[in-house]
Amino acid sequence: MTLTAIPAAHAVQLIDAVFPGDTNHHGTLFGGVALAHMDKIAFLVAARHARAPFVTARSERIDFENPGRVGDLIEATGRITRIGTRSVDVEVELVAENPLSGERRLCTRGLFVLVAPRGPDTRLPFPPLPESAPAMETGRLHMVDMVFPAQTNHYGSLFGGDALKMMGRAAFIASSRHMRRPMIMGTSDRIDFRSPIREGEMIELISDVVMAGTDSVLVRVELWAENLMNGERRHSATSTFTMVVVDRG
């Protein structure tokens with residue numbers, strides 16, 4: 001098991017794909033699904049910065065500027081804009097990306113106010129605003145998610161199947177961005193789970209295209225767990241996935 005108490009110095013971003021079940025009858029992303037992604041990333045950004053059990057107090061006006069369409073990748077990023085006594089403001093942007101062309105467009109932007117309840121888990125005062133926003137790491141793709149109760153077994157840890165689903169999704173997104181062609185999973189190597197991931201923890205998936213051919217790529221995916229209250233990070237699993245191009249002809 002690999003442990004570190006220092007989070008990686010890069011921006012927190014949630015990336016997913018728009019599937020038919022996420023859309024309305026126009027074939028565009030439901031507003032409620034977009035808001036759910038935005039609220040989740042706002043919480044993760046706030047909790048990772050202040051190490052406190054935040055809840056969403058309110059959201060400010062949110063304007064939907066462009067739709068997300070079936071097959072698009074959607075990327076939510078957040079940054080803290082204000083630190084209060086027990087609250088923080090997080091500005092969130094949701095961007096849609098066409099995985100084949102790379103064309104990106106801003107879907108929506110909004111402000112979320114999160115409040116930490118009084119109690120032993122809320123350590124005050126919160127750390128001050130960072131001097132500069134974390135930079136996006138080039139070369140490797142970082143994605144975050146969170147473990148909710150429905151994804152856990154009777155021991156309170158993440159189901160192996162859900163972990164595999166997340167790693168496969170990360171491999172798909174990394175390969176699609178690299179190849180800009182329709183991709184499917186060809187094979188996955190052996191995966192050994194080194195450490196359980198518990199309910200309420202943040203998951204970080206780090207993907208790296210390690211080899212690329214004409215019609216396939218090899219993607220290495222690392223799965224990390226992070227305790228949002230103390231910053232402890234654990235390396236939970238690593239695997240490689242062979243992703244192949246779909247021949248539409």
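Figure 1. Arg 104 has a relative accessibility of 42% and counts as partly exposed, a class lying between buried (under 20% relative accessible area) and exposed (over 50%), with a 1.4 Å probe and protein chains only. The closest N and O atoms of the Arg 104–Glu 97 salt bridge are 2.8 Å apart; a salt bridge is a side-chain nitrogen of Lys or Arg within 4 Å of a carboxyl oxygen of Asp or Glu. The model is predicted, with local features needing pLDDT of at least 70 and side-chain atom pairs counting only at pLDDT 80 or more, whereas totals for chains, interfaces and linings use all residues. Residues are numbered from 1 along each chain as its sequence is written, and side-chain values use heavy atoms, leaving out hydrogens and water.

**Figure 2. Salt bridge between Arg 234 and Glu 201.** The closest N and O atoms of Arg 234 and Glu 201 are 2.6 Å apart. Strands (E, at least two residues) and helices (H or I, at least four) are DSSP runs numbered from the N terminus. Both Arg 234 and Glu 201 are buried.

Figure 3. Strand S10 (residues 202-212) runs antiparallel to strand S8 (residues 141-146), joined by 6 bridges; strands pair if DSSP finds at least two bridges between them. Met 143 has Leu 205 in S10 as its bridge partner. With strand S11 (residues 216-226), S10 pairs in the antiparallel sense over 10 bridges, and Ile 203 is partnered by Ala 225 in S11. A hairpin of 3 residues connects S10 to S11.

Figure 4. Asp 16 is part of strand S2 (residues 13-17) and counts as buried, at 14% relative accessibility. Beyond its neighbours within four places in sequence, Asp 16 has contacts (heavy atoms within 4.5 Å) that include His 37, Asp 72 and Arg 169.

**Figure 5. Helix H1 and the residue that follows.** The 20 residues of helix H1 (residues 31-50) should span 28 Å at 1.5 Å a residue, in agreement with the 29 Å between its end C-alpha atoms; the expected span is 1.5 Å times one less than the number of residues. Just after H1, Arg 51 adopts a positive phi of about 55°. Arg 51 is also linked with Arg 48, Glu 204, Glu 226 and Arg 233 in a network of salt bridges.
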